[in-house]
Amino acid sequence: MKNNLKTFFLYLAFLISSHYSFSQYTSGGFGGFSVMLMKFGDAGIGAAYGGMGGAVFAENGYLGGFGYGGAATKDNRTVAIGYGGLMGGIITSVTPRQKIAPGLRIGFGGFVNVEENPLDNSKITTSDNLLRLDPNVMYLYELLQNFKLQITAGYSLNLIGNQRDFNSAFFSVGFVLGSL
């Protein structure tokens with residue numbers, strides 16, 4: 001009986017101390033959606049739609065996942081891209097309603113390129129994988145409590161294959177719900 005009581009008080013002391021030691025940090029989850037303008041290879045600029053979600057930890061860090069997909073058409077060429085992966089970064093408050101969050105996304109996916117020949121209506125289709133590294137800066141403006149306007153700008157670098165024509169700047173606008 002003494003050992004059970006001793007163990008109970010040790011657990012209680014541990015829970016109380018861990019509550020006070022971690023209460024100085026803000027944490028929580030977030031999620032949202034956005035529309036991203038980016039280069040779709042030889043098909044030019046197009047829109048990709050997607051979302052992100054994750055966790056805020058140690059008051060100013062975040063880690064989560066993201067995904068985007070979209071297509072663009074120019075002349076007789078259509079390119080579709082889809083990719084997703086991990087993201088993380090650091091959140092800095094500018095004012096009580098505004099935050100800046102420099103970060104990095106690394107995502108894996110693929111693309112399909114369809115070229116149509118108008119003379120004989122034939123199609124040439126090529127596809128390949130993408131491994132993209134996206135350094136970026138996110139601006140957040142709190143419209144309502146836990147509802148933020150999100151504007152992100154960055155540059156996508158394709159790390160595999162010979163897909164350098166997919167390297168480009170990107171710009172996205174969306175909304176985030178939660179503690180980011």
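Which residues make the nonpolar surface patch of about 620 Å²? The model is predicted.

1. The surface patch. Leu-86, Ile-106, Phe-108, Tyr-155, Leu-157, Leu-159 and Ile-160 make up this nonpolar patch, with an area of about 620 Å². At least two of the patch residues come from strand 6 (98-117), and at least two from strand 8 (147-158).

2. Phe-108. This member of the patch sits in strand 6.

3. The largest nonpolar core. This core has 26 residues, and those touching the most other members are Phe-30, Met-38, Phe-40, Met-52, Tyr-62, Ile-81 and Leu-180. Two or more core residues are given by each of strand 1 (28-39), strand 2 (45-57), strand 3 (61-74), strand 4 (77-90), strand 6, strand 7 and strand 9 (168-178).

4. Leu-180. Neighbours within four places in sequence aside, Leu-180 is in contact with Phe-30, Met-52, Val-56, Tyr-62, Ile-91, Lys-99, Met-138, Leu-140 and Lys-148. Among these partners, Phe-30, Met-52 and Tyr-62 are also listed with Leu-180 as touching the most other core members.

5. Asn-136. A polar atom of the Asn-136 side chain lies 3.0 Å from the backbone oxygen of Asp-134. Setting aside neighbours within four places in sequence, the contacts of Asn-136 are Ala-101, Pro-102, Gly-103, Leu-104, Arg-105, Thr-152, Ala-153, Gly-154 and Phe-170.

6. Asp-75. The loop between strand 3 and strand 4 holds Asp-75. Its phi is near 55°, a positive value in a residue that is not glycine. Asp-75 is classed as exposed because its relative accessible area is 70%, and exposed means over 50%.

7. Asn-121. This residue is placed in the loop between strand 6 and strand 7. Asn-121 is not a glycine, yet it has a positive phi of about 55°. With a relative accessibility of 66%, Asn-121 counts as exposed.

Notes:
Residues are numbered from 1 along each chain as its sequence is written. This is a predicted model: local features need pLDDT of at least 70, side-chain atom pairs count only at pLDDT 80 or more; totals for chains, interfaces and linings use all residues. Side-chain values use heavy atoms; hydrogens and water are left out. A polar contact is a pair of N or O atoms within 3.5 Å; within protein, one must be able to donate a hydrogen and the other to accept it, and residues adjacent in sequence count only if both atoms are side-chain atoms. Contact means heavy atoms within 4.5 Å. Patches are made of residues with over 30% relative accessible area and no salt bridge: like charges are joined within 9 Å, nonpolar side chains (Val, Leu, Ile, Met, Phe, Trp, Tyr) within 5 Å. Accessible areas come from the Shrake-Rupley method with a 1.4 Å probe; for residues, only the protein chains shown count as cover. A salt bridge is a side-chain nitrogen of Lys or Arg within 4 Å of a carboxyl oxygen of Asp or Glu. Helices (H or I, at least four residues) and strands (E, at least two) are DSSP runs, numbered from the N terminus. A nonpolar core is a set of buried Ala, Val, Leu, Ile, Met, Phe, Trp, Tyr and Cys residues joined through side-chain atoms within 4.5 Å. Buried means under 20% relative accessible area, exposed over 50%, partly exposed in between (1.4 Å probe, protein chains only).
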